Amino acid sequence: MQDPCPLADRRVCEATRNLARAVLRRMAVTAVAIEPRIRTLVATRDEPGYALLSLHSDDGRLLLRFDLLKRPDPIWDKLTADLCFLARLADLRTHPPGYYFVHPMADERDIAVPLPANPRGLPPREIGHLRW
């Protein structure tokens with residue numbers, strides 16, 4: 001993928017993308033340790049960060065939907081913290097979707113993060129549509 005940053009900023013963008021890649025790998029290890037079928041995480045903005053909304057398999061099937069009114073089990077805390085950090089790294093206004101491994105959804109509060117074990121990425125019906 002070609003870097004959309006101005007030439008003067010390319011080193012910063014590259015370093016940020018490498019950091020995002022490392023966080024994504026750590027998220028994948030954490031997610032697979034909890035549930036091996038997780039391939040895509042969907043989160044929604046929940047000030048001051050993001051909250052896990054749902055988890056999906058590689059074919060887009062819903063594995064788990066979180067109740068946003070309840071605090072999730074502490075087993076999800078590390079994954080949620082990494083997801084919040086990754087979402088803050090991703091500047092979707094100046095970089096194309098996926099550049100920092102974060103994809104916007106139809107509701108601008110929501111993001112999707114396909115894990116590295118999901119080579120196909122998000123199923124087409126889910127890009128821009130959060131209807132399960």
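**Notebook: disulfide, rings and fold**

I began with the S-S bond of Cys5 and Cys13: its torsion is about -70°, so the disulfide is left-handed. I took a disulfide to be a pair of cysteine sulfur atoms within 2.5 Å. The sulfur atoms of Cys5 and Cys13 lie 1.7 Å apart. My search of the whole structure found one disulfide.

I noted the ground rules next. This is a predicted model, where local features need pLDDT of at least 70, side-chain atom pairs count only at pLDDT 80 or more, and totals for chains, interfaces and linings use all residues. Residues are numbered from 1 along each chain as its sequence is written, and side-chain values use heavy atoms, with hydrogens and water left out.

**Cysteines: buried or exposed?**

I counted a residue as buried under 20% relative accessible area, exposed over 50% and partly exposed in between (1.4 Å probe, protein chains only). Cys5 is buried at 6% relative accessibility. Cys13 is also buried, at 6%. I checked Cys84 as well, and this residue is buried at 11%.

**Aromatic rings**

How many aromatic pairs does the whole structure hold? I found two. Rings of Phe, Tyr and Trp (its six-membered ring) pair if their centres lie within 6.5 Å; planes under 30 degrees apart are stacked, over 60 edge-to-face, and the rest tilted.

Phe66 and Trp76 have ring centres 5.3 Å apart and planes at 85°, so I logged them as edge-to-face. Both sit in the loop between β3 (62-65) and α2 (77-89), 10 residues apart. Phe66 is buried at 11% relative accessible area. Trp76 is buried at 8%.

Tyr99 and Tyr100 have ring centres 4.8 Å apart and planes at 85°, so this pair is edge-to-face too. Both tyrosines are buried.

What lies over the face of Tyr99? I found Arg17 there, 4.8 Å from the ring centre. For this I required NZ of Lys or CZ of Arg within 6 Å of the ring centre and within 35 degrees of the ring normal.

**Whole protein**

I then stepped back to the fold. The protein has two helices and five strands. I read their order from the N terminus as α-β-β-β-α-β-β. Helices (H or I, at least four residues) and strands (E, at least two) are DSSP runs.

Of the 132 residues, 45% count as buried. The protein exposes about 7800 Å², with carbon and sulfur atoms supplying 55% of it. I used Shrake-Rupley areas with a 1.4 Å probe.

Last, I looked at contacts (heavy atoms within 4.5 Å). Among those with a separation of 6 or more, 56% join residues 24 or more positions apart.
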